[in-house]
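Me: I'd like to go through the salt bridges in this one. Can you take me through them step by step?

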Amino acid sequence: MTWLKKLMDTYDANFRLVGQFEKNRFGQEYALIPVSHTTQGAHVEIRLNMAGELIKASVVDKDDSNTIIPCTEDSASRTSAPVPYPLFDKLQYVAGDYTTYCKEAKSAEPHANYLKQLKDWCDSPDSHPKVKSVYAYVSKGTLIRDLVQQGVLWLDKEGSLLAKWTPEAKELYGDKKQIFSVLAGDQHAAFVRFIVEEPGVSEDRLWRDTSVQNAYVRYMERQQAEKDLCFITGERLPCVDKHASRIRGSGDKSKLISANDSTGFTFRGRFSTSREAATISFEASQKAHNALKWLVERQGINKGGRIFLIWGTDDPGAVPDPHRGSNPLLGDEDEDEVAESGDSTHKEFAERIRKALDGFRYKAEYRADVVIMILDAATTGRMSVVYYRDMDKNIFLDRLAEWFTNCSWPLPGKNKGGRTSFFMASPSTSEVVFAAYGSRVDDKLEKAARERLLPCIVDGKPIPADIVDNAVRRASNPAGMEAWEWERTLGITCALVRKSEKDKHKEEYEVNLDTSNRDRNYLFGRLLAIADVLERSALGKEERRATNAVRYMGVFARHPLRTWGIIQRCLQPYQARMGTKANYYNKLLDEVLSMFRLEEFSDEPLTNVYLIGLAGQRTELYKKRSDKDAPEAAEILSDEEQDNEEE
């Protein structure tokens, strides 16, 4: 029940935003919905005057379709049952002439129930003049006929509603009509909303009119009678047995709370009724579900139907998203700062992370909670909370700082000049998935990996060994990847290995080259890097084929000594081609070889650490050096940059 209480607290803390539409990062409109309301995508819009007379009707654009609609306990949880919404609904409910224009209509009962429900509201003390205007119009029973005359809906040759746009319809009407572009199904499923023009009132859209919304909330409060102990608030309040769906969107039928089966194995013999298990008040259920819908639309990440959600109870946006890595946290600040030699850059990066997170510490309420939730639906009707965690904001930010600082590496990116440079960063969870499984990863695998990585960030758990090993395998086989893909995979993998080694062995590796490290894995990695850069420098920009060091990299990780002998023999022609320019690399090779302990210069397979030595040495060699004996190594260029260089 904790997650319901946290959602209810979030709703109360942001009550000032109820009914206000905003746009998320995808440009889609969303709003915190009032109690006793839900959302639905509308297709048809009807404009009336206060007398209930039709002024105009039109098709709703997809970008403007999100509509806040009043609902009852039954309609909010309806699936296939013909239960009407109180004001806006589909044609079969709002159109009195639906049976005339739809051959498949079995009865007029849905419309009769809709009219009865709407009349009850209009006759109550909590009615609204605009709602009475809608009732006056729909009571005429001419809605579909009017929409046909307005050119919104279209009929076939027999005078019935067209199911879909067909070649026969094109022959009859010409170009495809707008209603068929906004509907996923046929015209019978069109959802209708109303506008009522009132002189002197600027807001005529009923779904955005707070006076209409408040009138319905008051009306619903009068309908609630039976009270019981609410497990969320601890008070005796009107309780409900049915709870809202449409959590992930208007087409989502899955529910988080459901106990609507009276037979079978619902309660497994433990309870006679669902209320013996738990009772939840109407107010708590509405606030919690509406807050959850709002958060999902506002900042949720949807991967294959699995929702990843992180928010602050006082201010949902007052906490950084751990899934997105360090780049959004730091923004474009110091983008041109390329990783320099020494460990200073990593220290500066850690300091920038600390300052950025300190800004979140004192944003909104200092002592607030952060809630982490993952939702998924195994079937179309049931949704579950796959992962839940709530924690103090300061603890959350401390864990985030530790992750960003320890799981970081210079990653390739573009500087302001448009050239490839390396910037200190902590990869996002999607980048980790990319490094471990490639760019064509299946949705099911990606959402499972993201879920497994989350406790590593917020709880300090070790990174799953299989994710690290997969990334290492891909980074050790660059032959099947493009240059940019391998560079990115190598950097992300080094960040994972660095964090993993600290978690498992308490060994902290520096981000850049450590010339004092005598670990055999690290040294073999350095040797491979020197061989790669030497051959690449000899080939020049004209030849873009993979070097022998890159080609043999996978085998080298399994049999380093034997493979090093092959690579050394392959290097000899390039050393000869470079002449005295190869002296620097030859000297560097001798220095690294001299650091090996004799018994460790063996063919035993390398551990993941060899990639840290490889990446550190490559980065060092690709920098422009001031040593007059060191030739300037070939820069890492994209194909486009190399083409520009040749021109």
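This is a predicted model: local features need pLDDT of at least 70, side-chain atom pairs count only at pLDDT 80 or more; totals for chains, interfaces and linings use all residues.

Me: Is D12 buried, exposed or partly exposed?

Reply: The relative accessibility of D12 is 38%. The in-between class runs from 20% to 50%, so D12 is partly exposed.

Me: Which residue does D12 form a salt bridge with, and how far apart in sequence are the parts it ties together?

Reply: D12 pairs with K287, with 2.9 Å between the closest N and O atoms. D12 sits in helix α1 and K287 in helix α11 (residues 282–299), so the parts tied together are apart in sequence by 275 residues. K287 itself is buried, at a relative accessibility of 11%. So the partner is K287, and the separation is 275 residues.

Me: What separates D9 and K5 along helix α1?

Reply: Their side chains meet in a salt bridge at 2.7 Å, N to O. D9 is partly exposed at 27%, and K5 is partly exposed at 34%. Because they are four residues apart in helix α1 (residues 2–13), what separates them is about one helical turn.

Me: Which strand does K6 reach through its salt bridge with D369?

Reply: The K6 and D369 side chains meet at 2.5 Å, N to O. K6 lies in helix α1, and D369 is 363 residues away in sequence, so the strand is β14.

Technical notes
Residues are numbered from 1 along each chain as its sequence is written. Side-chain values use heavy atoms; hydrogens and water are left out. A salt bridge is a side-chain nitrogen of Lys or Arg within 4 Å of a carboxyl oxygen of Asp or Glu. Helices (H or I, at least four residues) and strands (E, at least two) are DSSP runs, numbered from the N terminus. Buried means under 20% relative accessible area, exposed over 50%, partly exposed in between (1.4 Å probe, protein chains only).
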